[in-house]
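Reader: I would like to learn how to read a model of this kind, going from the overall fold down to single residues. Could you take me through it step by step?

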Amino acid sequence: DLKNSQFIMTGCQDSYCRLFPIKQKKSKGPILTYREHTSLVTCISFQKTGEHIISGSSDKTLRMWSAASGSTLHTFKRHVGTVLSASFGPDATTILSNDSTELVVWDAASYQCIWSHKIAPRCWSVSCFGPTSFKDYIVAAINDAMTVVYNIKDPSKEPFLELPTRASVYVLCKGTNSLLYGDFFGNIYGTTFNG
């Protein structure tokens, strides 16, 4: 039962994702291996309920898996480059992914793209949904030292907020109404959202 247990999943250069129980005293190997990607696995995210897992790869695909069986439920094929990050939305009805040139929000039930934004010639590095209490917002880091917040309900796709940093951002973490992010030089930044 993945919902009530603790697991860690690895994405590997051999294109496999492997699921391990955290509380195992002596490593007996993975309890499940997910084998559908054809190249390096770059990112993994668990759905809050533990029912589904998504993974991105340098094979340009995003895959949704059954956590319990390891079978592929859907392969998303819109990206033109390596999928750099992927995450489920706060209510698990949406998925966010990005390659270096495009952010994409997917409907988790229909697997359809419901929002996208291209940024060429700049490059995205990582993205996530905004703080939990701001479910219509996504946060994306750009390699030229800028973190940008978008409201996906705004048809203009203009940034809601731009947060400059000293270097490229590679880590984003969110709380209920806050965002932490870290740059290449080890600087940590924090922003609080008030609604």
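Author: Let us begin with the fold as a whole, keeping in mind that this is a predicted model. The protein chain has 18 strands and 0 helices. Its radius of gyration is 17 Å, close to the 16 Å that the globule rule gives for 195 residues, so the chain is as compact as a globular protein of that length. Taken along the principal axes, the C-alpha atoms fill a box of roughly 45 × 35 × 30 Å.

Reader: How many aromatic pairs does a search of the whole structure find, and how is a pair of aromatic rings described?

Author: The general idea is that such a pair is described by two quantities, the distance of the centres and the angle of the planes. In this structure the search finds 11 aromatic pairs. One of them is formed by tyrosine 34 and tryptophan 65, which are edge-to-face, with 5.2 Å from centre to centre and 75 degrees between the planes. This pair links distant parts of the chain, since tyrosine 34 belongs to strand 3 (residues 32-34) and tryptophan 65 to strand 6 (residues 62-66), 31 residues apart.

Reader: Are tyrosine 34 and tryptophan 65 buried or exposed?

Author: Tyrosine 34 counts as buried because its relative accessibility is 0%, and tryptophan 65 is likewise buried, with a relative accessible area of 0%. Elsewhere, Phe134, Tyr137, Phe160 and Phe193 form one aromatic cluster.

Reader: Which residues does serine 100 touch, not counting residues up to four places away in sequence?

Author: Serine 100 lies in the loop between strand 9 (94-98) and strand 10 (102-107), and it is partly exposed, with a relative accessible area of 29%. Leaving out residues up to four places away in sequence, serine 100 touches Thr82, Leu84, Ile119, Arg122, Cys123 and Trp124. For leucine 84, which is 16 residues away along the chain, the C-alpha separation from serine 100 is 7.2 Å.

Reader: Where is histidine 117 found, and which residues does histidine 117 touch?

Author: Histidine 117 is part of strand 11 (residues 113-118) and is buried, its relative accessible area being 16%. With residues up to four places away in sequence again left out, histidine 117 touches Thr101, Glu102, Leu103, Trp124, Tyr150 and Lys157.

Reader: What is the phi of lysine 157, and what is that of alanine 145?

Author: Lysine 157 has a phi near 60 degrees, a positive value in a residue other than glycine. This lysine 157 sits in the loop between strand 14 and strand 15 (161-164) and counts as partly exposed, because its relative accessibility is 28%. Alanine 145, although not a glycine, has a positive phi of about 70 degrees. Alanine 145 is placed in the loop between strand 13 (137-142) and strand 14 (146-151), and at 15% relative accessibility it counts as buried, the cut-off for that class being under 20%.

Note on methods. Residues numbered from 1 in each chain as written. Predicted model: local features only at pLDDT ≥ 70, side-chain atom pairs only at ≥ 80, totals over all residues. Heavy atoms only, no water. Helix = DSSP H or I, 4+ residues; strand = E, 2+ residues; numbered from the N terminus. Rg over C-alpha atoms; globule rule 2.2 N^0.38 Å. Phe/Tyr/Trp six-rings, centres within 6.5 Å; stacked < 30°, edge-to-face > 60°. Buried < 20%, exposed > 50% of the residue type's maximum accessible area, 1.4 Å probe, protein only. Contact = heavy atoms within 4.5 Å.
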